[in-house]
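Dear colleague,

My notes on it follow directly after.

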Amino acid sequence: MDLQFYPRCVIRGTTSLTDGNDPLILIDGVFGNINTLNSIFPDDIESFTVLKDASETAQYGSRGASGVIEITTKKGKNEPLRMNYYGSFSINQVAKNLNMLSGNDYRLLAQERKLEFTDLGYNTNFVEEITDISFTHTHHLAISNDTGNSNYRISFGFIDQEGVVTNNHSKNFTSKLDLRQNAFNNRLTMDLGLFGSMLKNSYLFDFQKTFYSAATFNPTFPNHKNSETGAWDQISYASQITNPLAWLEVDDDEDNAHINMHTKINYFITDALKLSVFGSYTYNMIENSQYLPTSVWGHGQAYRGIKKTEHLMGHLLLNYKKSEGIHHIDLLGLAELQREKHSGFYTTVTNFSSDRFSYHNLQAGAVRLWEGTGSFYEEPSLASFMGRVNYMFDRRYILTVNARADGSSKVGKK
């Protein structure tokens with residue numbers, strides 16, 4: 001099990017060559033992407049709906065060009081105090097590996113063909129050395145209650161997942177809170193939601209090179225460092241083959257913190273006319289830290305980088321629904337404002353005299369690469385207005401008309 005690759009989801013196929021083709025993800029009305037799902041424990045999901053056609057995705061404009069996935073999470077219900085716990089434990093193991101020559105077979109074949117080779121006297125299966133049995137355990141606790149005109153649900157989740165490759169690990173902490181208050185004989189409904197997560201990943205730096213080296217490295221080399229030099233024995237004449245156990249010493253870590261707060265107010269002005277107000281604030285910070293030791297990268301190299309994203313969104317929606325005999329009409333008007341802030345920086349340092357500090361002491365590196373340091377900042381905003389008319393006749397024929405206008409700061413003035 002490799003933990004390095006993020007999931008992909010494609011609904012409409014390739015719709016853009018440069019801007020990605022992942023669908024728009026909405027969690028309880030909060031905008032996100034496929035990685036936002038890390039903030040929600042699977043057991044907290046009530047349902048999800050995939051929107052594909054133009055009429056369904058029109059409400060989201062160009063952002064829904066690749067499709068939309070609407071996710072609804074579990075909320076408090078009209079039931080007394082309830083507590084649920086869910087847990088699981090699993091064991092992962094490589095089912096099948098490449099059948100390469102053992103150290104003894106390698107020596108025998110080289111002697112039969114009169115080939116010159118370095119024989120250090122060991123019999124090491126490097127593919128098995130870099131993999132191991134791994135364990136995964138998950139825990140989830142949810143508490144809900146209803147007090148008549150109000151209810152709540154709070155949940156906590158934890159996933160601890162080891163990869164079958166040594167030094168490949170993932171931990172994800174999630175939490176979620178939902179509150180609902182009803183008033184004026186349920187004509188007014190107020191919802192408050194909070195969810196967040198802290199995802200910690202330790203990656204395998206170069207998946208392809210590590211396994212290629214494990215399959216092709218000299219099996220007569222040991223599975224430990226040289227006792228005299230304190231370093232891993234290497235094959236000097238093979239530029240693309242490195243001792244695979246040395247790659248496992250690379251530190252490649254990522255911390256991903258995500259938090260969201262949102263609120264929604266629904267008020268029925270009349271039985272047919274409803275006013276909805278929605279507001280959301282999202283904060284996301286991703287910190288990447290990496291150190292390539294001297295055993296795999298010349299004089300060593302360290303990298304640190306931070307990316308921060310803030311997303312503020314609010315919309316006002318009016319919805320009118322009326323049925324008269326075989327006629328049904330549904331009118332919708334929407335005004336929406338969004339503002340984002342993206343900022344971050346990164347730096348790369350090389351020429352370390354020791355691997356002891358890893359990426360924790362960048363000053364220990366003697367050279368800061370001129371192209372390895374940078375920062376960025378942008379603050380785009382978006383204003384949107386939409387109108388929609390749905391007319392249904394005799395529950396058999398439907399006519400839909402949509403109109404939408406978007407104004408983005410990313411598009412310069414004419």
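Leu248 touches Ile130, Val165, Thr166, Asn167 and Leu204, not counting residues up to four places away in sequence; contact here means heavy atoms within 4.5 Å. This is a predicted model, in which local features need pLDDT of at least 70, side-chain atom pairs count only at pLDDT 80 or more, and totals for chains, interfaces and linings use all residues. Residues are numbered from 1 along each chain as its sequence is written, and side-chain values use heavy atoms, with hydrogens and water left out.

Leu248 is also among the residues with the most contacts inside the largest nonpolar core, as are Phe126, Phe217, Leu245 and Val296. That core has 20 residues; a nonpolar core is a set of buried Ala, Val, Leu, Ile, Met, Phe, Trp, Tyr and Cys residues joined through side-chain atoms within 4.5 Å, and buried means under 20% relative accessible area with a 1.4 Å probe, protein chains only. Helix 5 (244–247) and helix 3 (126–129) each give two or more residues to this core, helix 5 giving the most, with three. Helices are DSSP runs of H or I, at least four residues, and strands are runs of E, at least two, numbered from the N terminus. A second, separate core of 16 residues includes Ile27, Leu51, Phe195 and Phe278.

Elsewhere, Asn390 lies in strand 16 (residues 381–393) and is buried, with a relative accessible area of 18%. Leaving aside neighbours within four places in sequence, Asn390 is in contact with His328, Ile329, Asp330, Leu399 and Thr400.

Terms used. Buried means under 20% relative accessible area, exposed over 50%, partly exposed in between (1.4 Å probe, protein chains only).
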